[in-house]
Amino acid sequence: MKHHLFVWGTNPQPFRSKADSSIVLPISVEEMARIGIPASKIPRVREELQRLIAADPALRDRKMVLQLARQIAAEIL
């Protein structure tokens with residue numbers, strides 16, 4: 001008997017850990033828009049940045065957060 005795992009078409013978002021909204025980012029929404037991140041992507045970019053900073057507090061450096069925000073925005077749809 002063959003067993004197949006059907007994962008095509010599932011949304012991976014529910015499997016991710018929830019972002020800690022209490023973490024304050026060193027950049028604002030306006031700054032994200034200023035560096036070219038579309039308004040539709042900003043909430044998701046903020047969630048990803050909060051997850052990263054929660055995992056590694058050394059990433060709180062403003063320059064690093066700006067670079068990460070650009071990279072994350074380029075990767076998400």
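Ile23 lies in the segment before α1, where helices and strands are DSSP runs (H or I over at least four residues for helices, E over at least two for strands), numbered from the N terminus. The model is a predicted one, in which local features need pLDDT of at least 70 and side-chain atom pairs count only at pLDDT 80 or more, whereas totals for chains, interfaces and linings use all residues. Residues are numbered from 1 along each chain as its sequence is written, and side-chain values use heavy atoms, with hydrogens and water left out.

Ile23 counts as buried because its relative accessibility is 9%; buried means under 20% relative accessible area, exposed means over 50%, and partly exposed is what falls in between, with a 1.4 Å probe and protein chains only. Leaving aside neighbours within four places in sequence, Ile23 is in contact (heavy atoms within 4.5 Å) with Gln50, Ile53, Ala54 and Arg60. For Ile23 and Gln50, which are 27 residues apart along the chain, the C-alpha atoms are separated by 6.2 Å.

Read along the sequence, the pattern of the chain is α-α-α, with three helices and zero strands. Of its 77 residues, 30% are buried. Among the contacts with a separation of 6 or more, 65% are between residues 24 or more positions apart. The chain exposes about 5,900 Å², of which carbon and sulfur atoms supply 59%; this area comes from the Shrake-Rupley method with a 1.4 Å probe, and for residues only the protein chains shown count as cover.

Helix α1 spans residues 29-34 and contains Glu31, which counts as buried because its relative accessibility is 15%. When residues up to four places away in sequence are not counted, Glu31 touches Pro26 and Arg62.

Arg46, in turn, is placed in helix α2 and counts as partly exposed, because its relative accessibility is 24%. Not counting residues up to four places away in sequence, Arg46 touches Leu25, Ile27, Val29 and Met32. The C-alpha atoms of Arg46 and Ala69 are separated by 7.9 Å, although these residues are 23 apart along the chain.

How do α2 and α3 cross, and at roughly what angle? Their axes come within 10 Å and cross at roughly 130 degrees, where axes are lines fitted to C-alpha atoms, for helices over the stretch in contact, and angles run from 0 to 180 degrees between N-to-C directions. The two helices α2 and α3 are therefore oblique to each other, given that angles under 35 degrees count as roughly parallel, over 145 as roughly antiparallel, 65 to 115 as roughly perpendicular and the rest as oblique. On the α2 side the contact is made by Val45, Glu48, Leu49, Leu52 and Ile53, and on the α3 side by Val65, Leu68, Ala69, Ile72 and Ala73.

The largest nonpolar core has 17 residues, of which Ile27, Met32, Ile37, Val45, Leu49, Ile53 and Ala69 touch the most other members; such a core is a set of buried Ala, Val, Leu, Ile, Met, Phe, Trp, Tyr and Cys residues joined through side-chain atoms within 4.5 Å. Two or more residues of this core come from each of α2 (42-55) and α3 (62-75), and α3 gives the most, with six residues. Ile53 touches Ile23, Leu25, Pro26, Leu59, Arg60 and Val65, again not counting residues up to four places away in sequence.
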